[in-house]
Amino acid sequence: GDAATGSKRQDPNRTPQGPSRFPIAKMPGGRDSFQKGDPASAPSRRKPAEPANRYRPTHLDWFEVSYAHTCVCIYLWNRCSAGFIPLASWRPEDADRGPPFCQTALMAGNKNENKIAATGASVDAYLAAVEHPVRRRDGLRLLVLMAEATGRPAEMWGPTIVGFGRYHFKYETGREGDAPAVGFSPRKASLSLYGLTYGPESAGLLARLGKHRTGAGGLYVTKLDDVDEAVLTELIRNGYRHVTTVLNRG
């Protein structure tokens, strides 16, 4: 009768909520291999406990790693860009010392040059072509200021340095040449002034100058309005005097 009607015989052990109340184990260790209602035989679904001595990195650890990485990068950049000459101790006469390129080329912003020389190019044309309006304005102010403080006319050294006066340097190896005594270059980031950080008076004057930074043998100023112009004039005079007398080997 069941086959004719198409109905299925109901299993007396089944309930509407699920399978048999006493399922048969399918395989050892399977999820159906335990008796329902016996928690002791059920497999654990918790993650295995971590070792008690396992170390978890903290935010401070990642900060220390990042800080160390940054210090290493800055150190390597300084060493490479300085031609393996300490940045704080570089002087213009060190132009031909140390690989891979000279510091004067770095100062001029062209690492492909081995040295700079007076080119005879027009200083006025160079300053007029400076794109940054503040750098152009400050460059014209420095042109007058350095000319009055040194008593020397401006001349182009390399493609980007405006120099005043010159001095002769000579190495123990016999290498020698000429370099500007003092000068400046209106770079995009700041004004670079050269030859002003030498001499015993420079430290006291720099303390009264105003907002500036030093490095790579130069003095860097964002704009002339940030510094005391009278102190800057004294720095130019003292730097020029020290370079042309103490450092000059001519």
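A crossing is left-handed if the near helix is turned anticlockwise from the far one by less than a right angle, and right-handed if clockwise. This is a predicted model, where local features need pLDDT of at least 70 and side-chain atom pairs pLDDT 80 or more, while totals for chains, interfaces and linings use all residues. Residues are numbered from 1 along each chain as its sequence is written, and side-chain values use heavy atoms, without hydrogens or water.

**View 1. Helix 5 crossing helix 7.** The crossing of these helices (DSSP runs of H or I, at least four residues, numbered from the N terminus) is right-handed. On the helix 5 side, the contact (heavy atoms within 4.5 Å) includes Arg141, Leu142 and Met146; helix 7 brings, among others, Glu229, Leu232 and Tyr240.

**View 2. The largest nonpolar core.** Here you will find 36 residues, in a set of buried Ala, Val, Leu, Ile, Met, Phe, Trp, Tyr and Cys joined through side-chain atoms within 4.5 Å. Buried means under 20% relative accessible area (1.4 Å probe, protein chains only). Val162, Leu193, Leu196 and Leu232 have the most contacts inside this core. Among the elements giving two or more residues are helix 5 (133–150) and helix 7 (229–247); helix 7 gives the most, seven residues.

**View 3. Around Leu196.** Beyond its neighbours within four places in sequence, Leu196 touches Met146, Val182, Ser202, Leu219, Leu232, Leu235, Ile236 and Gly239 by the contact criterion.

**View 4. His242 in helix 7.** His242 lies in helix 7 and is buried, at 18% relative accessible area. Neighbours within four places in sequence aside, His242 is in contact with Tyr198, Gly199, Pro200 and Leu247.

Technical notes: Buried means under 20% relative accessible area, exposed over 50%, partly exposed in between (1.4 Å probe, protein chains only).
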